[in-house]
Amino acid sequence: MNGQSKIFRISDLFIVVAIIVVFLAFWFLTHQSSLTGYVEVYKDGRLIAVLKQDIRYELKNDGKHIMDIVFDGKRVHVENSDCPLKICEKTGKVGPNGVIVCIPNKVVVKFIGKSDVDVMTW
């Protein structure tokens, strides 16, 4: 038998490794950016803060605590709001393209980002 009759040659191994590398690179690139973005915080229609990393942001107005905005990099939510009905807290955690509105405090929290999902309902 000569060397050409082998079932699996070294060049076949390179092709299999190249296919695996391309597959892993494609998978990593498509799944890495599925939930990324930043949060914009508006008070009285003015942009007052941009949150780009994991943070607990205490929102104050004239030194008075209004609410805590918690951003974990993937979701944002409101805690400890001083508004009477706490609808902003009850909105829960929102992801990319989600919005939390607090009418009594005139605060809007927008998650600006890219998501695999077009619309979420609950």
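A residue is counted as buried when its relative accessible area is under 20%, as exposed when that area is over 50%, and as partly exposed in between. In the predicted model described here, Lys 43 has a relative accessibility of 10% and therefore counts as buried. The side chain of Lys 43 meets that of Asp 44 in a salt bridge, with an N to O distance of 3.7 Å. Asp 44 is partly exposed, because its relative accessible area is 45%.

Across the protein, buried residues account for 25% of the 122 residues. The exposed surface comes to about 8,900 Å², of which carbon and sulfur atoms supply 61%. The secondary structure consists of two helices and seven strands, and along the sequence these elements follow the pattern α-β-β-β-β-β-α-β-β. Of the contacts between residues at least 6 apart in sequence, 33% join residues that are at least 24 apart.

Three of the strands form an open sheet in the order E3-E4-E5, and their pairing is antiparallel. Strand E3 (55–61) and strand E5 are the edge strands, each pairing on one side only. Neighbouring strands of this sheet are turned against each other by 25° on average, with direction ignored. Strand E4, which covers residues 64–71, pairs with E5 in the antiparallel sense over four bridges. Within this pairing, Ile 69 has Val 78 of E5 as its bridge partner.

His 77 lies in strand E5, which spans residues 76–79. With a relative accessibility of 15%, His 77 falls under the 20% limit and so counts as buried. The side chain of His 77 makes a polar contact of 2.9 Å with the side chain of Glu 79. When residues up to four places away in sequence are not counted, His 77 touches Asp 68, Ile 69, Val 70, Gly 92, Lys 93 and Ile 100.

The structure holds four salt bridges. In general, side chains of opposite charge can pair when their charged atoms come close. Besides the bridge between Lys 43 and Asp 44, a salt bridge is formed by Arg 56 and Asp 68, whose closest N and O atoms are 3.6 Å apart. This pair links distant parts of the chain, with Arg 56 in strand E3 and Asp 68 in strand E4, twelve residues apart. Asp 68 counts as buried because its relative accessibility is 9%. Asp 68 is also one of the residues touched by His 77.

A further salt bridge joins Asp 82 to Lys 64, and the closest N and O atoms are again 3.6 Å apart. Here too the pair links distant parts of the chain: Asp 82 is in the loop between E5 and helix H2 (87–90), Lys 64 is in strand E4, and 18 residues separate them. Asp 82 is partly exposed, as its relative accessible area is 32%, while Lys 64, at 53%, is exposed. Salt bridges that share partners join Arg 56, Asp 68 and Glu 79 into one network.

How values were computed:
Residues numbered from 1 in each chain as written. Predicted model: local features only at pLDDT ≥ 70, side-chain atom pairs only at ≥ 80, totals over all residues. Heavy atoms only, no water. Buried < 20%, exposed > 50% of the residue type's maximum accessible area, 1.4 Å probe, protein only. Polar contact = N/O pair within 3.5 Å; in protein donor to acceptor, adjacent residues only side chain to side chain. Contact = heavy atoms within 4.5 Å. Areas by Shrake-Rupley, 256 points an atom, 1.4 Å probe, with all protein chains shown as cover. Pairing = 2+ DSSP bridges. Axes fitted to C-alpha atoms, helices over the stretch in contact; angles between N-to-C directions.
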